Amino acid sequence: NPLATFQDYQAAQNAVLTSLDRQQQAQPGVRLRHPYVEAGEIEPGIWIGPNSIVHPSVRLTAPLFIGAGCRIGRNTELGPETIIGSGVVIDEGVTIQQSTVLPHTYIGQFLHLSQRIAQRAELIDVTTGTNVQIADPWLLTAVNPALPGSLVRNIVERSVALLLLSATAPLLLVMVLALWRTTGGPIL
């Protein structure tokens, strides 16, 4: 699937969105036969990935996809025809329409993106293909994929797994001894 321009890329993103939306599947246009995303449809045409936090004041307009592990601030407007990649942080008061925000990107407070592709500190105009490097990290920047919350969660999960393994070790030892006694041969 050759994508020669950013408009082609945006059209491909929109084809995925409309393929996911059951209400728009009857309308003519490019469709995927078996669209699949790891997200839940909270309303028709609005998909949100696991572990994403969306403030209750956010206005969502279909078709819209929000990836896993995103943080969306209050008074934000997302959609239509918007795709938010995984691990994206969107501050409050942001408006994003007909745009794609690629994974691990921070969108600063009160920004308005329309027909843009945002990738970390780079902003691309879909219609002209021009790109701009944003030097101000308060507007647009990269997000570290290993957020401190995920580090704490990782430590807690490993600690619980170690605790469960230690609690079940005596039971495993009894099962190994029972197998050895009944078979009389090597356990493995």
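Strands here are DSSP runs of E with at least two residues, and helices are runs of H or I with at least four, both numbered from the N terminus. This is a predicted model, so I take local features only at pLDDT of at least 70 and side-chain atom pairs only at pLDDT 80 or more, while totals for chains, interfaces and linings use all residues. Residues count from 1 along each chain as its sequence is written, and side-chain values use heavy atoms, with hydrogens and water left out.

**Entry 1, Thr-76.** I found Thr-76 in the loop between strand S6 (71-72) and strand S7 (77-78). Is Thr-76 buried or exposed? I get a relative accessible area of 0%, so Thr-76 is buried; the cut-offs are under 20% for buried, over 50% for exposed and partly exposed in between, with a 1.4 Å probe and protein chains only. A polar atom of the Thr-76 side chain sits 2.8 Å from the backbone oxygen of Gly-73. I then listed contacts, meaning heavy atoms within 4.5 Å. Beyond its neighbours within four places in sequence, Thr-76 is in contact with Ser-57, Val-58 and Arg-59, and also with Ile-90, Asp-91, Glu-92, Gly-93 and Val-94.

Most peptide bonds are trans, and most residues other than glycine have a negative phi. I looked up the exceptions. Ala-62 to Pro-63 is a cis peptide bond, omega near -5 degrees, and Pro-63 is in the loop between strand S4 (59-60) and strand S5 (64-66). Gly-79 and Pro-80 are also joined by a cis bond, with omega about 5 degrees; Pro-80 is in the loop between S7 and strand S8 (82-84). Glu-81 lies in the loop between S7 and S8, and its phi is positive, near 50 degrees. I have Glu-81 as partly exposed because its relative accessibility is 29%. Arg-120 has a positive phi near 50 degrees, in the loop between strand S14 (116-119) and strand S15 (122-125). Arg-120 comes out as partly exposed at 37%.

For a nonpolar core I take buried Ala, Val, Leu, Ile, Met, Phe, Trp, Tyr and Cys residues joined through side-chain atoms within 4.5 Å. How many residues does the largest one have? I count 19, and those with the most contacts inside it are Leu-78, Ile-84, Ile-90, Ile-96, Val-101 and Ile-107. Strand S2 (46-48) and S5 are the elements that give two or more residues to this core. Apart from it I see another core of six residues, including Leu-17, Trp-47, Phe-65 and Ile-83.

Methods:
A polar contact is a pair of N or O atoms within 3.5 Å; within protein, one must be able to donate a hydrogen and the other to accept it, and residues adjacent in sequence count only if both atoms are side-chain atoms.
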